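Biologist: Let's go through this one together. I'd like to hear what lies behind each term.

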Amino acid sequence: MDLGLKDKVVAITGGTSGIGEAVALAFAEEGAYVAVCGRSEEKLSRLKKKFEELGRPLYAEAADVGDLAALERFVRNAAAWQGHLDVFINNAGLNIRKYFEEYTPEEFDEIMNTDLKAVFFGTRYAAEEMRKCGGGAIINTSSFTALIPSGNVAPYSAAKAGVSNLTANLAASLAPDHIRVNAVVPGMTVTPLTEKNIAKNRETMLSAIPMRRFAAPDDLKGAYLFLASEVMAGYVSGISLVVAGAKFCAQDAAYGWKYRASEECRI
Ligand SMILES: NC(=O)c1ccc[n+]([C@@H]2O[C@H](COP(=O)([O-])OP(=O)(O)OC[C@H]3O[C@@H](n4cnc5c(N)ncnc54)[C@H](OP(=O)(O)O)[C@@H]3O)[C@@H](O)[C@H]2O)c1
């Protein structure tokens, strides 16, 4: 099915690794012009090479989204590249795992600046560009910790809860401008952000996921394509789309639900 994404300009913060990279490649496959930013020149070069091999155009810029001037520059440059900005994905994110009494004020600020403040201002800059062309779609990457906090990630959870709230809030504010704002809420996905924690706590973490597997970055891409597509989601705005292997559906997921009528489910 044609999602209507061909020749659209899709700008993704943190598009150089993990979920953002999988999403960048998925939009490229749909024929979109993809723009990404990230801090590491090495990751940017690696992605440029991948796009060259695919024969797809890429605009790649080194920018720290916690630096609002750099974030704004990236948004304006991505819009100027082809003369329009159609989809903006606030995806860059980082996490520091600690007991809450151990965070320094600087660490707290770094998490908030990257995971929440950049979403607020990135949306503002992107909306300014989208208004010039009659509308667009903004997609924020939230997290399941926004819904049910997990241990030792208090500032990250709070920032992501803020992202989910901002999503609804800004969807209403931008609806008159034909700009849709939605969020994707990934479940536990194997990326550089999580691989150490997964390696350490694999079985405990898996026991909370009824599907009994972690997501791969590719498991997320359909949600972003759907929310970006006017054809598929033209009337969808303000939602947080959970892609988490039924993680929130079972209060006793560890116990397992593979009963048969003849077995122990007879009470
Ligand atoms: N993996 C999961 O299980 C999971 C679950 C829920 C939500 N998420 C969210 O999904 C998003 C992507 O995470 P991921 O798992 O794909 O992690 P990842 O592989 O570490 O990718 C993070 C991306 O963000 C960029 N980034 C980080 N801080 C940045 C900054 N200050 N300025 C610009 N770019 C920055 C990174 O590039 P540089 O390092 O070069 O800057 C990288 O491209 C994040 O928002 C994360 O919170 C992930």
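This is a predicted model: local features need pLDDT of at least 70, side-chain atom pairs count only at pLDDT 80 or more; totals for chains, interfaces and linings use all residues.

Biologist: What makes S4 and S5 a pair?

Modeller: Two strands pair if DSSP finds at least two bridges between them. Strand S4 (residues 87-90) and S5 have four bridges, in the parallel sense, so they pair by that definition. (Strands are DSSP runs of E, at least two residues, and helices are runs of H or I, at least four, numbered from the N terminus.)

Biologist: What does S5 do on the S6 side?

Modeller: S5 also pairs with strand S6 (residues 179-186), parallel again, over six bridges. In S6, Arg180 is the bridge partner of Ala137.

Biologist: Why is strand S5 said to be largely enclosed?

Modeller: Because six of the six residues of S5 (residues 136-141) are buried. Buried means that 20 or more other C-beta atoms, placed from the backbone, lie within 10 Å of the residue's own. Gly136, Ile138 and Asn140 cover one side, with Ala137, Ile139 and Thr141 on the other, and all are buried.

Biologist: What makes the unit of S5, H5 and S6 right-handed?

Modeller: With the strands pointing away from the viewer, the path from the first strand over the helix to the second runs clockwise. S5, helix H5 (residues 154-174) and S6 make such a right-handed β-α-β unit.

Terms used:
Residues are numbered from 1 along each chain as its sequence is written. A residue is buried if 20 or more other C-beta atoms lie within 10 Å of its own, exposed if 12 or fewer, and partly exposed in between; C-beta atoms are placed from the backbone.
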